[in-house]
Amino acid sequence: MTGAALQGLWYLAGLSREVKPGAMVRRILFGEPVVLGRTGAGAPFALRDVCPHRAAPLSAGRVSGEAVTCPYHAWSFSAADGRCLSVPALPSDDARDPSTIRVARYALAEANGLLWIWYGAGEPLFAAPDIGLPPSFRPKTATVVETSGPFDEAVVGLVDPAHTPVVHKQWWWREGRPRADKTKAFAPTALGFKMTAHAPSSNSLIYKAIGGAPVTEIEFRLPALRLEHISTATRRVLALTAMTPGEAGTTRIVHLNYWDFALFDALLPFAQGMADSFLKQDGDILRLQNENLSRTRHRALYLGDADEPAKWYFALNKAWSEKGEAEFVNPLAPATLRWRT
Ligand code: FES
Ligand SMILES: [Fe+2]
């Protein structure tokens, strides 16, 4: 089952630091050209990156104050609501009102160094994701990978525990340790499910490096957000992975790490390298999988508890596409899963 991206939800559009004041960035999201920008005063905005006049990309133009000017004939548009503010070629006594022309605008929200874009008709029905960190936290590492294949398959990779020891074979993770049976409790949440707080597997050097007695909580939320919070009495780490449909048939995967203690700051280049190699492994296997998915009609098999979270994702997805954001009810029940890892 691989449908179009769910609507009526917030997706990660980019990082705050990618969009400088008075500048714009072009990005293909949901198969649509989108311009992410920031006014001179610093307010972020997102518009369809297609000029209503003759389709030039607004992102190739410029931002002046609160307006965006097209690079082709210099029509300008309000960054806040997309209304046309001026059409320079019209004679000065022309009576037409340019503000009846609009470029589509997307709702955008900014927090913790992230830009969230609302994908759906109308205005957002609820606030952008709260990632559970104080506002001062910014991502310390950032990794972006573009991969090919159905969006749903990529999202399943976020919740699939069985690939982890196979695809992510790093010495600093758990290389060489024998598999052991694992039992974990899961509970439904507003937009997904979480593995309830537990002491993390002791076989990872990462967890050892954090020290103390860490507790982790791993959460998945529609449409495609995975949050892994690790905390001790004095330290917190968040590994965030979010996926956004890009060009048709491609997915943009963003993986970020947040933390609040100096020991990890000293290891920053190393941590960035680790995150990059981790995410590349996911991108590579999804691309390989798509070598077949794009050529065969394949019906996936789901076997054992390790494949249960994938089924949960599809159940959530189905409930959302049938009910929409106004009437969605989480169809999941609390569960305990057992698998070998
Ligand atoms: S194409 Fe944008 S002003 Fe003409
Ligand atoms: Fe993975």
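Colleague: How many C-beta neighbours does Phe30 have inside 10 Å?

Modeller: This is a predicted model, in which local features need pLDDT of at least 70 and side-chain atom pairs count only at pLDDT 80 or more, whereas totals for chains, interfaces and linings use all residues. Residues are numbered from 1 along each chain as its sequence is written, while chains are lettered from A and ligands numbered from 1 in the order in which they are written. With C-beta atoms placed from the backbone, a residue is buried if 20 or more other C-beta atoms lie within 10 Å of its own, exposed if 12 or fewer, and partly exposed in between. Phe30 counts as partly exposed, because its C-beta neighbours inside 10 Å number 18.

Colleague: Between which strands is the loop in which Phe30 lies?

Modeller: Helices (H or I, at least four residues) and strands (E, at least two) are DSSP runs, numbered from the N terminus. Phe30 has a positive phi of about 55 degrees, although it is not a glycine. The loop in which Phe30 lies is the one between strand 2 and strand 3 (32-38).

Colleague: Is Asn112, with a phi near 50 degrees, buried or exposed?

Modeller: That phi is a positive value in a residue other than glycine, and Asn112 lies in the loop between strand 10 (108-111) and strand 11 (114-119). Since 21 other C-beta atoms lie within 10 Å, Asn112 is buried.

Colleague: How many degrees is omega at the peptide bond that joins Leu222 and Pro223?

Modeller: Pro223 lies in the loop between strand 15 and strand 16 (225-231). The bond that joins Leu222 and Pro223 is cis, with omega about 0 degrees.

Colleague: What is the radius of gyration of the protein chain?

Modeller: The protein chain holds six helices and 19 strands. The radius of gyration is taken over C-alpha atoms, and the globule rule is 2.2 Å times the number of residues to the power 0.38. For 341 residues that rule gives 20 Å, close to the value for the protein chain, so the chain is as compact as a globular protein of that length, with a radius of gyration of 22 Å.

Colleague: What percentage of the contacts in the protein chain between residues at least 6 apart in sequence join residues at least 24 apart?

Modeller: Buried residues make up 33% of the 341 residues in the protein chain. Two residues are in contact if their C-beta atoms, placed from the backbone, lie within 7 Å. Among contacts between residues at least 6 apart in sequence, the share that joins residues at least 24 apart is 56%.

Colleague: Which strand gives the most to the side of domain 1 that touches domain 2?

Modeller: The protein chain is divided into domain 1 (9-119) and domain 2 (141-340), with bounds that come from an automatic or database domain assignment. The C-alpha centres of domain 1 and domain 2 lie 33 Å apart, and nine residues of domain 1 are in contact with 10 residues of domain 2. On the side of domain 1 that touches domain 2, strand 1 (9-15) and strand 2 (24-29) each supply at least two residues. With five residues, the strand that gives the most to that side is strand 1.

Colleague: Which residue is the bridge partner of Lys194 in strand 15?

Modeller: Two strands pair if DSSP finds at least two bridges between them. Strand 13 (residues 181-188) and strand 14 run antiparallel, joined by three bridges, and they form a hairpin with three residues between them; across this pair, Ala187 stands opposite Lys194 in strand 14. Strand 14 also pairs with strand 15 (residues 215-221) in the antiparallel sense, over five bridges. In strand 15, Lys194 has as its bridge partner Glu219.

Colleague: Against which helix and which strand do the buried residues of helix 6 pack?

Modeller: The buried residues of helix 6 are Pro309, Ala310, Trp312, Tyr313, Leu316 and Trp320. They pack against helix 1 (151-159) and strand 14 (192-198).
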